[in-house]
Amino acid sequence: EILPVINKIDLPSARPYEVAMEIEQVLGLPAEDTLMVSAKSGHGVDELLAAICERLPPPRGDPQAKTQALIFDSIYDDYRGVIVYFRLTSGKLAVGDRVRMMGTGRTYTISELGKFTPKLTPQKQPMDAGDVGYLVAAIKTLEDVHIGDTITREHEPADEPLAGYREPQPMVFCDFYPTGNTQFEGLRDAINRLHLNDASFTFLPATSEALGFGFRCGFLGMLHMEIIQERLERESGVELVQTAPTVTYELLLTGSRVQPITNPADLPDLSTVREIREPIAELEIITPTESIGDLMKLCGTRRGQYKGQRFLSETRQILEYELPLAEIIYDFYDKL
């Protein structure tokens, strides 16, 4: 179920009714069902909360079935260890239960169980299917918790982990090296802590003749890369140098073996390479009508292939292009 909500309607530049019609054009959701909300003034907040209760389905799950809980986030506490955030999809969990992480096979005893109200609030009664909460189980090792893993009871385990979770696939890569007062060990500890809270980026040790020891990191995209860098610098206080971003290429080698590479230095002897493949992005650019010519020129200079054009409203249209991802990650957004 989707609830269409238009927020910030208190701003002078707000166009709530035009945007409602654009939502109907793009998503097919009736414009009259759109909720108008301003969190600043409080307008429409009560109606939004009521609509969530009325129009969104309740959680599904059988409290009598074997326990399955999905780990969707986690944080590290210096005194309590790793605090795991989970959603209980079936069965029950209670303080004192011996639980097992189905992905890693490690077992723990729950010492604290609670809900978000919105702060972490412990509770003594068991949690049932459909509940969202947190647990503390003296988990000291960062690597023992993986986002997307399934928690089950040790004495009555589930037959299989929850389906549907896929490991995030990094699309943009760059190197982080310590600089200033930051040492390699400090950067490693900061990345380990951040990875516990955001498992969607990857990192491997890397070395450079000019910069020394560092890490080769993979991100979901450019914005994700900037967020990770900012969080490392602000939350952990590390100073680092970032190399230019690159993308993953695939090499089709003789013998039909496919080898991915993320660094030009890893390119093998070209006599063994039959094909070099690069990632291609499907782009949908929502633009004012008067900017279409400039955007088509920009995409054309970036090896873009025009795929189509869709009418969104009287003043806006959607341009559809295919562009090599390598052409996007440098300064495409700045030019846009």
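1. Once neighbours within four places in sequence are set aside, Ser74 is in contact (heavy atoms within 4.5 Å) with Val82, Ile83, Val84, Tyr85, Val145, Ile147, Leu196 and Asn197. Ser74 belongs to strand E3, residues 68-77, where helices (H or I, at least four residues) and strands (E, at least two) are DSSP runs numbered from the N terminus. With a relative accessibility of 0%, Ser74 counts as buried; the classes used throughout are buried for under 20% relative accessible area, exposed for over 50% and partly exposed in between, with a 1.4 Å probe and protein chains only.

2. A word on the basis of these values: this is a predicted model, in which local features need pLDDT of at least 70 and side-chain atom pairs count only at pLDDT 80 or more, while totals for chains, interfaces and linings use all residues. Residues are numbered from 1 along each chain as its sequence is written, and side-chain values use heavy atoms, with hydrogens and water left out.

3. In soluble globular proteins, nonpolar side chains tend to be buried together.

4. Which residues does Leu232 contact, leaving aside its neighbours within four places in sequence? They are Phe176, Ala190, Ile191, Leu194, Gly237, Val238 and Leu240. Among these, Ala190, Ile191 and Leu194 are also listed as buried in H3, together with Leu187, Asn192 and Leu196.

5. For the 14 residues of H3 the span should be 20 Å, and the end C-alpha atoms are 21 Å apart, which agrees.

6. The whole structure holds 19 salt bridges, each a side-chain nitrogen of Lys or Arg within 4 Å of a carboxyl oxygen of Asp or Glu. Asp331 and Arg302 form one of them, with the closest N and O atoms 2.9 Å apart. This pair links distant parts of the chain, 29 residues apart, since Asp331 is in the loop between H6 and helix H7 (332-335) and Arg302 is in the loop between H5 and strand E22 (305-311). Asp331 is partly exposed at 28% relative accessibility, whereas Arg302 is buried at 11%.

7. Glu320 forms a salt bridge with Arg310, and here the closest N and O atoms are 2.7 Å apart. Glu320 lies in strand E23 and Arg310 in strand E22, 10 residues apart, and Arg310 is partly exposed at 34% relative accessibility.

8. Arg15, Glu18, Glu22 and Arg316 are linked in a network of salt bridges. Within it, Arg15 and Glu22 have their closest N and O atoms 3.9 Å apart; Arg15 is partly exposed, with a relative accessible area of 27%, while Glu22 is buried, with 10%.

9. Leu336, found in the segment after H7, is partly exposed, with a relative accessible area of 47%. Not counting residues up to four places away in sequence, Leu336 touches Ile285, Leu295 and Leu298. The C-alpha atoms of Leu336 and Leu295 are separated by 7.4 Å, although these two residues are 41 residues apart along the chain.

10. Some backbone details deserve a look. The peptide bond from Thr117 to Pro118 is cis, with omega near -5°, and Pro118 sits in the loop between strand E8 (112-116) and strand E9 (120-122). Lys8, which is not a glycine, has a positive phi of about 60°; Lys8 lies in the loop between strand E1 (5-6) and helix H1 (16-27) and is exposed, with a relative accessible area of 51%. Ala138 also has a positive phi, near 55°, and is placed in the loop between strand E11 (132-136) and strand E12 (150-153).

Key
The expected span of a helix is 1.5 Å times one less than its number of residues.
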